[in-house]
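Please consider the assembly shown below.

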Number of protein chains: 4
Amino acid sequence: MDSSKKINVSIIGATGYVGAELVRGFSSHPVFELRHLIGRSFAGQKFSDVYPEFRSVCDIVIEDLSPEEVAKDSDLVITALPHGVSSQQVPVLLNAGCKVIDHSGDFRYKDLATYEKSYKLEHPHPELLADAVYGLPEFYRDQLKDTKLTANPGCYPTCSLIALAPFLKNHLIEEDSIIIDAVSGVSGAGRKSDLAYAYCELDEGFKPYGAVGHRHTTEIAEQCSFLAGKNSGDIKVTFTPHLAPFKRGMLATIYCKPSKSLEDVTSAKINDIYNEFYKEETFVRVLPQGVLPDVKAVSYSNYIDVNGVYDAETGLIKLFSAQDNLGKGAALQAVQAANAMFGLDETTGLKTIIRGV
Amino acid sequence: MDSSKKINVSIIGATGYVGAELVRGFSSHPVFELRHLIGRSFAGQKFSDVYPEFRSVCDIVIEDLSPEEVAKDSDLVITALPHGVSSQQVPVLLNAGCKVIDHSGDFRYKDLATYEKSYKLEHPHPELLADAVYGLPEFYRDQLKDTKLTANPGCYPTCSLIALAPFLKNHLIEEDSIIIDAVSGVSGAGRKSDLAYAYCELDEGFKPYGAVGHRHTTEIAEQCSFLAGKNSGDIKVTFTPHLAPFKRGMLATIYCKPSKSLEDVTSAKINDIYNEFYKEETFVRVLPQGVLPDVKAVSYSNYIDVNGVYDAETGLIKLFSAQDNLGKGAALQAVQAANAMFGLDETTGLKTIIRGV
Amino acid sequence: MDSSKKINVSIIGATGYVGAELVRGFSSHPVFELRHLIGRSFAGQKFSDVYPEFRSVCDIVIEDLSPEEVAKDSDLVITALPHGVSSQQVPVLLNAGCKVIDHSGDFRYKDLATYEKSYKLEHPHPELLADAVYGLPEFYRDQLKDTKLTANPGCYPTCSLIALAPFLKNHLIEEDSIIIDAVSGVSGAGRKSDLAYAYCELDEGFKPYGAVGHRHTTEIAEQCSFLAGKNSGDIKVTFTPHLAPFKRGMLATIYCKPSKSLEDVTSAKINDIYNEFYKEETFVRVLPQGVLPDVKAVSYSNYIDVNGVYDAETGLIKLFSAQDNLGKGAALQAVQAANAMFGLDETTGLKTIIRGV
Amino acid sequence: MDSSKKINVSIIGATGYVGAELVRGFSSHPVFELRHLIGRSFAGQKFSDVYPEFRSVCDIVIEDLSPEEVAKDSDLVITALPHGVSSQQVPVLLNAGCKVIDHSGDFRYKDLATYEKSYKLEHPHPELLADAVYGLPEFYRDQLKDTKLTANPGCYPTCSLIALAPFLKNHLIEEDSIIIDAVSGVSGAGRKSDLAYAYCELDEGFKPYGAVGHRHTTEIAEQCSFLAGKNSGDIKVTFTPHLAPFKRGMLATIYCKPSKSLEDVTSAKINDIYNEFYKEETFVRVLPQGVLPDVKAVSYSNYIDVNGVYDAETGLIKLFSAQDNLGKGAALQAVQAANAMFGLDETTGLKTIIRGV
């Protein structure tokens, strides 16, 4: 790839929080160039009028263009749309010749029935599910190189799967008793006028939500099955999300049992397994033994920190992973996938995006 | 009890956060009257100079008195001291004829070996363990009426045990696979100059800590055993605490499996079990079916909110409980126990202490 | 007043944040008893379903009654309604024989033109302005004893006027150059679904708003005039409010110039002036010299902390005051006024309502 | 400058919050390369062990080297040391041939007496004051090109001076009545184990501090004098800092009176003055008329947002500016100055460092 040639990227649904984080990610990218920012309700305004953080950084005027129009001069289109809407617009974009990264749940599943049950929708284009690549570059980078359609993973699934993968791939844990207890910052709920997300309703609070049947449960479960070399539906997981009073970040605490293949398990051994499995990965940071992930250390970045311990008293393994829900959990992971889809080094433009203190 | 006669209560270790919450609780109490506030490093200052919130509410001068001196004119002494210190001062207070409520771990265990292993200390007065009453009024109120020594429960144990009790007492869950995932506000760490608890180190962060061997694990486990009618050590639990960016509050999310005695389990049935079990309890609020606890609703109060759901996909029960770590989790629960120890209605002075919006 | 006889108090507009704080204040009050809670959109629900903090504390069912119906069995009605609505409902309540405390701006002004210009409304009952008492008990307690209608002051005016009063009453500052720079917590904006008050839009932010012409400017100015023994309009003030990322609390930093009457001004002298002026006041806490107010020490209470310094370099006096915007700044001050209106000790039910740590 | 040739930059005092922000700024810089990170108490540890945010971004081992040793292979040394320490180490570095940017107050003043009075220190190298350039590139970029020693401005001074400069330079305001009311996030206090900055002591609080004689007062005043073409000491300012519950960011609200030169002043005219004055500046963002600065929009960046209004009622001008206290207020401004000192475009490596949502 000639890095002096810019790749045009457009965002449909640019004015939500995921959209804004995509704009941030691509604004400092040396190869991709933002072409169109699409957002119906803010059309005509500058992006930086909606997000004053971006004044002088991205003053592009938001447009209300059809997918066809967007596709005309875009090499890549990223859709940050509600599920059910994505499944209608993405095929149009693909037909027009663009590559697409979609942020909804519409193309994340291989099993149609699981999608339709989880999202309570009939999929208008089930034929695309087989070709769509699940956009976790750490596991699917080979397929990303060749795909036209990437389904960007959910935030909770990314956080959970990165933590579980070394153990599922190598069959080191029992597959029938995985429990994922996770916590998200408020930005995960998106940008909306909703009393439930008002400052005074959330500050100094902490609560579970969606305690049964949260959609990400089946997404996590299907990918766990694939990581373990099984079929969709073979593995089920218990998943409980919580809402915490910070804007950005996510932590998963995962409980599982060592399988018979995992002998003489200790916390040190768990740390070794992570180090071995992720030794080539830039964005998965295996913490030193005894150091546990903290949301603070990863928020506003594409890094995800992992570690685990063994509780000898009860014989359970505890795995921990922390990431930014909009970063590695959404938009910056999409930048990473975009790099992979266009043959760039996956880390391009991403390594030094951190928040610092 | 003649309620016009005031009962003298003194606090040793009054200037920590638990101490301050005790002062708050007793300042508005119609029967107890604060007599001595003991705190070595602030002796000579007014309590309200250390905690300006209390100006005009409690301007008592902090003293540095020996336990013997405190005992002279106190009916009840509350010790908010580090473990290992309590075990030395409490016997002195008891010998001097006071009733005592102790906030450390020193008198919470019935099994000496478990205490000594958990706290890495040799207990100087193991003979007191048998008589000390574990200060959870909901379970031990009969014993509280007659005891001289109450061991105020840990915050995580209170939160966990209130949620688990109906299921353990009635043998409705498997006892060998209880997992407690809990979250505390920062005040749980106490009042200290420690970079780890500095504002900039914690704000916008979220992290697990003490992921193996946190002391409250064995305290929870021993009480679970007793609730189930077993001996100390018979039940073990998996416990993981996390630190969240708010000052006050605690939430426990508990995973367990229905036992054979619990047939046809549903979320509605779990709600019914709670309602039946806690129908006489003022401070345990069983939320309506489908409503889950939120730290915001209980912080700064003595209330604890509980509810649960059944995950039919994986066959697990999820129990949730929220309380204030310094309130029901420490100081206000001590006020409740003090009421019980002196024959007062347990709710005296506590019902309307809430934070509101 | 026979304190065993309960006084019926009803709240119209009970489900906003001011309403909720009124419910908190009266729930623990030994003399007033909540009779009706009126809120159209939540009628039929329990108050504690809207505010789960109040479960078991206030489970009254919210009603949608007309002012006439509310008046039937209420001794006091507190209206927490938008301006323009209050001015229509309050006369109905007064005609029905109730005493009223109104939280809007509709009855706070003596000068009709100033009100109508500030609120851009025509007042339907200007004849009531003369009789309405401005509900700052520290200045108007004699009038409160006899009034049927109390106009509860705005939050910024309370905070500003308590700080300025000793200097205006005694003509110790120049009256033509008062600058009030103030900061409010988010609850001041009320309970509403509005993106501007969403968690992610405010957390970690801080900003001025209403930088010219905020309504409280004229309310402050009129009362400053009265405190100085002048007519409405004689004193003008410069006022700038800011929004800060906390739920409750307010701080005013006030700049003014010593008048010729104030000789040899020092910070100590300013402290003395405060101590002398407020020596009989329970809720105005004059801090020790050198100690400045902190929102944290007053939030969730009816206390207001004040102090001041003299900047010898520039010859300016800086006055500081901190209060809770919903407490002393609104609902708890209304409880204090209600006490005064019904001949109770003003501190009844209020002294020990503090948040603590 | 050949941008392929890296410039070696070292940081003495790298483990404080300013140091960490310098590391963040230079980690993504295309020309500067971090050479030594000096921090006595953490020597031997990796920087990313102290700040886990930086894992894989900056894993340099912290050293305890003398200034002479640091100077050997550094083109630029940035000192983030306490005042009084800087004044001793900086001359050593200069003698060794390095360029230096110092973050303390030691070289910010031109008038020795003002420095010595403000900092209560005797300056060991007063001869350096004349040559040191005050590192506000917007005003002193020509001098920065040639200097060996840059005194990085204080955070409050940067925020105040950027807001005031157009009015002082053009004599549009009265110089004897400037009032600066400012608010800082907690990171401004630095990284330390101090109860005063503990999470529970600051969360939900807001307070003034240093209400008389804060050191930045004289720094602001001296630079105001210079901007107005006067001598040090000619202009005095009233300054009040406050501490707010967020990690990063600063807002100044400034009150001043239009001079006779400023005729027909309106808010629109103030906005025009800003736009004209800063039309060539990348990092000073003049907001649209009617839009006021918000800390949220600038934190974690090198941008500073400004705007102003005219209060026709009282005849005062209000100016507002918001920046990040560690960014434009300290470390990122130092990167901007470093760019200027080495002949690079001032915006190099800084334009896209923003936090986003």
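**Symmetry, interface and domains**

In this predicted model, chain A is superposed on chain B by a rotation of 180° with 0.0 Å of shift along its axis, at an RMSD of 0.0 Å. That relation is the one of a two-fold axis. Within chain A, the C-alpha of Pro245(A) is the nearest to this axis, at 3.4 Å from it. Both copies use the same surface, since 100% of the contact residues of chain A recur in chain B.

The contact itself draws 36 residues from chain A and 36 residues from chain B. On the side of chain A that touches chain B, at least two residues each come from β7 (178-184), β8 (207-208), β9 (237-243), β10 (250-256), α11 (295-298), β12 (304-311) and β13 (316-323) of chain A. Sorted by class, that side of chain A has 20 nonpolar, 7 polar and 9 charged residues.

A further pairing involves chain C. Chain A is superposed on chain C by a rotation of 180° with 0.0 Å of shift along its axis, and the RMSD is 0.0 Å. The interface residues of chain A are, to 100%, also interface residues in chain C, so these copies meet through the same surface.

The next step is the single chain. Chain A contains 12 helices and 13 strands. Its radius of gyration is 20 Å, close to the 21 Å given by the globule rule for 357 residues, and chain A is therefore as compact as a globular protein of that length. The C-alpha trace of chain A spans about 60 × 45 × 40 Å along its principal axes. Of the 357 residues in chain A, 63% are buried. Among contacts in chain A between residues at least 6 apart in sequence, 69% join residues at least 24 apart.

Chain A is divided into two parts: domain 1 (7-153 + 329-341) and domain 2 (156-325). The centres of these domains of chain A, taken over C-alpha atoms, are separated by 24 Å. Where the domains touch, domain 1 of chain A contributes 20 residues and domain 2 of chain A contributes 24 residues. On the domain 1 side of this contact, α5 (112-119), α6 (137-146) and α12 (327-341) of chain A each supply at least two residues. Of these, α12(A) gives the most to that side, with 5 residues. The domain 1 side divides into 9 nonpolar, 7 polar and 4 charged residues.

Conventions. Residues numbered from 1 in each chain as written. Chains lettered and ligands numbered in written order. Predicted model: local features only at pLDDT ≥ 70, side-chain atom pairs only at ≥ 80, totals over all residues. Contact = placed C-beta atoms within 7 Å. Helix = DSSP H or I, 4+ residues; strand = E, 2+ residues; numbered from the N terminus. Nonpolar A, V, L, I, M, F, W, Y, C, P; charged D, E, K, R; others polar. Least-squares fit on C-alpha atoms with pLDDT ≥ 70 in both. Rg over C-alpha atoms; globule rule 2.2 N^0.38 Å. Buried ≥ 20, exposed ≤ 12 C-beta atoms within 10 Å, placed from the backbone. Domains from an automatic or database assignment.
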